[in-house]
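Welcome! Please take a moment to look over the sequence and the 3D picture below, and then we can walk through some of the features together.

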Amino acid sequence: MQELGHIIVLAGGLSYEREVSLRSGRRVTDALRALDLDVELRDADASLLDSLRSAPPDAVLPVLHGSMGEDGAIRDVLDLLDVPYVGAGPDACRVAWDKPTAKSIVRAAGLATPPSVTLPKEVFHDLGAVALLDRVVSRLGLPLVVKPARGGSALGVSIVHEAADLPAAMVGCFAYGDTALIERHVQGTEIAVSVIEHDGEPTALPAVEIVPAGPLYDYTARYDAGDTEFVTPARIPAEAARQAATAALTAHRALGLRDLSRTDLIVSPDGRPHFLEVNVAPGMTETSLFPRALTAAGLSLGPTLRALITRRRFP
């Protein structure tokens, strides 16, 4: 294996998910340092650009969650500086980050995804919220899931069971973004299927089943230990597991992703997986889904990331 030099793990930033990103960054840094690699944990702040120019690292591993880390911007900067990095390129990130766009692309690739409506805040206000939302309920039915069109960690997400609760859900969603995605709620088993590339070939890891204590796998359920039960492999029929793995691989390829990704799905009672969204910078915290899937596949976090870094440093 070729020698790796200085590696930067990029975490933090200024998104709503800053603290989660820092937790991911610390865990990744510890895992790589355990392999005797020269690793520096850096925040994505105003000093980063000068640092990258004055002392270019051999490679960067972005574990930034939220807008800067997943909307392609930081990857554009790394490309401008000719710094190799792990993960999808900027164009693929922009497409995956926008949930309505990602849904359209994976639907065209043959995946099932819940019917939905996308409403910018201006349309919601200017065209008359009550009449508009009445039509949404008439078209999609109840219950509904309301979420920001761009964002992660379930911030601003709510499940609406009564039409009277939809306006408040929209207001809560708009606190985290200017555009809301309203989806038909699909009953079933919530799972996450991570994808890792070995020698450039994407491989689906065992599905992780998510069983939150409450009705929603929200921010607290994701990151507070003990608030959610995770079962790996997921308790779904073998054929459903095969279809879910195929769905994650299809999404990874259709969206132009690379190295690693995580696709969130609902498996309905008939065993069919329904695409919800894809994550280009999966969480790496103690409660995150990607490391759990690695463990279930008999893989370790540090060596897996080292292999991805090596491939980017020595393509």
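Arg-27, Val-28, Ala-31 and Leu-32 in α1 meet Leu-301, Gly-302, Leu-305, Arg-306 and Ile-309 in α13, where contact means heavy atoms within 4.5 Å. Sorted by class, this contact of α1 with α13 has six nonpolar, one polar and two charged residues. This is a predicted model, in which local features need pLDDT of at least 70 and side-chain atom pairs count only at pLDDT 80 or more, while totals for chains, interfaces and linings use all residues. Residues are numbered from 1 along each chain as its sequence is written, and side-chain values use heavy atoms, with hydrogens and water left out.

**The helix pair**

- Helix α1 (residues 18–33) and helix α13 (residues 301–313) pack at about 85 degrees, with their axes 8 Å apart.
- That angle makes α1 roughly perpendicular to α13 (65 to 115 degrees counts as roughly perpendicular).
- Axes here are lines fitted to C-alpha atoms, for helices over the stretch in contact, and angles run from 0 to 180 degrees between N-to-C directions.
- Helices (H or I, at least four residues) and strands (E, at least two) are DSSP runs, numbered from the N terminus.

**The three-stranded sheet**

- An open sheet has the order β2-β1-β3, with parallel pairing (two strands pair if DSSP finds at least two bridges between them).
- β2 (39–43) and β3 (59–62) are the edge strands with a single partner each, so one side of each has no neighbour in the sheet.
- Strand β1 (residues 7–11) is joined to β3 by four bridges, and Val-9 has Leu-61 in β3 as its bridge partner.
- Helix α1 also lies across β1, β2 and β3, running at about 170 degrees to β2.

**The four-stranded sheet**

- A second open sheet has the order β4-β7-β5-β6, with antiparallel pairing.
- Its edges are β4 (116–120) and β6 (158–160), each with a single partner strand, so one side of each is left without a neighbour in the sheet.
- From one strand to the next, the twist averages 25 degrees.
- β5 (residues 144–148) and β7 (residues 179–184) pair over five bridges, and Pro-148 stands opposite Ala-180 in β7.
- Helix α6 (residues 99–108) lies across β4, β5 and β7, at about 45 degrees to β7.
- Helix α9 (residues 166–174) lies across β4, β5, β6 and β7, at about 20 degrees to β5.

**Cavities and a pocket**

- On a 1 Å grid over the protein atoms alone, a cavity is a set of points where a 1.4 Å probe fits but cannot get out, and a pocket is an open set with protein on both sides within 12 Å along at least five of seven lines; lining residues have an atom within 4 Å of a point.
- The largest cavity holds about 90 Å³ of space, and of its eleven lining residues the closest to the centre are Glu-70, Ala-96, Trp-97, Gly-151 and Val-278.
- α5 (90–97) and β13 (273–279) each supply at least two residues of that lining.
- The second largest cavity holds about 60 Å³, and its lining residues include Leu-61, Arg-75 and Met-284.
- The second largest pocket holds about 170 Å³, and of its 13 lining residues the closest to the centre are Tyr-16, Ser-67, Trp-97, Gly-151 and Tyr-176.
- For all of these, a volume is the space filled by probe spheres set on the points, with grid points joined across faces, edges and corners.

Conventions. Parallel < 35°, antiparallel > 145°, perpendicular 65-115°, else oblique. Nonpolar A, V, L, I, M, F, W, Y, C, P; charged D, E, K, R; others polar.
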